[in-house]
Amino acid sequence: MNSTIKNMTEHVSVREFKDQAITADQKQSLLAAAQSGSTSEFVQAFSIIEITDQKLRNELADITISSPHVKKADTFYVFVADLNRQASILKAHNQSLDSLKNMESLIVSVVDTTIAAQNMAVAAESMDLGICYIGSLRNNIKRVAELLNLPKFTVPVFGMTVGIPATKNQHKPRLPQANQVATNTYDNQKFTDLKAYDQDVHEYYANRKTNASDTNWSEKNLTIFKQIRRPEVASFLKEQGFTLA
Ligand SMILES: Cc1cc2nc3c(=O)[nH]c(=O)nc-3n(C[C@H](O)[C@H](O)[C@H](O)COP(=O)(O)O)c2cc1C
């Protein structure tokens with residue numbers, strides 16, 4: 001296993017950072033890595049907004065509810081799926097914006113954004129920095145868009161905190177490959193036989209140093225998905241110009 005893969009397999013989200021700044025060079029490297037990912041048909045359909053204003057940072061952190069570390073992390077970026085540049089090119093040529101509105105274009109921009117963010121995450125961890133994705137910005141996605149002055153055809157997908165780790169959780173065990181990797185066809189029986197993995201995850205939560213609890217992976221997923229989450233995201237996407245069709 002080379003050092004890149006070792007770093008990737010040791011990933012943990014970091015939620016406690018030292019009160020110490022990352023350097024301008026490190027930030028430049030993070031942004032260059034984010035910009036260098038693959039991008040569907042070279043459309044580069046994302047933007048990254050660094051939040052340096054502490055008042056704005058606090059407002060965004062309050063939206064997350066679950067992620068007060070957004071206030072304190074050295075650096076906080078918001079990753080925006082962004083087809084606004086394409087809208088402006090089309091408008092300048094008196095072309096219809098219809099092609100930007102459909103699910104395919106929305107997926108393209110969300111995927112491009114996610115690839116950029118994960119490139120940044122891998123780059124950060126290669127420099128011994130810690131990161132945490134902040135999807136809970138979508139608790140009030142409309143307000144986030146207002147706060148950042150986002151135009152139509154943009155979506156704030158998630159944030160990412162970056163800083164020097166003060167503490168780190170133990171690595172969370174991932175699904176056994178038997179539950180997630182198949183050859184030639186989807187293996188429903190193997191992929192849903194989660195007993196062994198539930199046992200692993202139960203052990204992880206029972207023995208971890210902070211926030212130990214009596215749960216497993218299936219129970220966690222039941223709690224998450226037994227209710228409909230953030231239904232207002234769909235109406236926000238429509239306001240931003242997407243038809244969801
Ligand atoms: C898109 C996305 C959104 C996330 N949102 C949050 C968040 O709002 N707050 C938080 O503390 N962690 C967040 N996380 C981190 C996950 O909880 C974490 O990756 C997962 O529990 C696995 O733990 P690990 O990253 O330490 O391996 C998010 C992760 C992803 C990929």
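Arginine 208 is found in the loop that runs between α10 (195–207) and α11 (217–225). The model examined here is a predicted one. In this model arginine 208 is buried, yet it takes part in no salt bridge. The nearest side chain of opposite charge belongs to glutamate 16, which is 11 Å away. A salt bridge requires a side-chain nitrogen of Lys or Arg within 4 Å of a carboxyl oxygen of Asp or Glu.

The side chain of arginine 208 does have backbone oxygens as polar partners. It reaches the backbone oxygen of threonine 210 at 3.1 Å. A polar atom of the arginine 208 side chain also lies 3.4 Å from the backbone oxygen of asparagine 211. When residues up to four places away in sequence are not counted, arginine 208 touches Gln170 and Lys172.

Elsewhere, charged side chains do pair, and the structure holds 9 salt bridges. One of these joins arginine 85 to aspartate 82, with the closest N and O atoms 3.7 Å apart. The two partners can be described by their accessibility. Aspartate 82 is buried, its relative accessible area being 7%, whereas arginine 85 is partly exposed, with a value of 40%.

A further salt bridge is formed where the side chains of lysine 101 and aspartate 98 meet, at 3.4 Å from N to O. Both residues belong to helix α6 (residues 98–101), and because they are 3 residues apart in this helix, about one helical turn separates them. Lysine 101 has a relative accessibility of 26% and therefore counts as partly exposed.

Aspartate 193 and lysine 195 make another such pair, in which the closest N and O atoms are 3.1 Å apart. Aspartate 193 counts as partly exposed, at 41% relative accessibility, while lysine 195 is exposed, with a relative accessible area of 65%. Salt bridges can also share partners, and in this way Glu59, Arg143 and Glu146 are joined into one network.

With regard to annotation, an unreviewed UniProt entry places the feature "domain: Nitroreductase" at residues 10–163. Within the model, this span is 46% helix and 19% strand. The C-alpha atoms at the ends of residues 10–163 lie 17 Å apart.

How values were computed. Residues numbered from 1 in each chain as written. Predicted model: local features only at pLDDT ≥ 70, side-chain atom pairs only at ≥ 80, totals over all residues. Heavy atoms only, no water. UniProt positions renumbered as here; feature names shortened; annotations may be inferred. Helix = DSSP H or I, 4+ residues; strand = E, 2+ residues; numbered from the N terminus. Buried < 20%, exposed > 50% of the residue type's maximum accessible area, 1.4 Å probe, protein only. Lys, Arg positive; Asp, Glu negative; His and termini not counted. Polar contact = N/O pair within 3.5 Å; in protein donor to acceptor, adjacent residues only side chain to side chain. Contact = heavy atoms within 4.5 Å.
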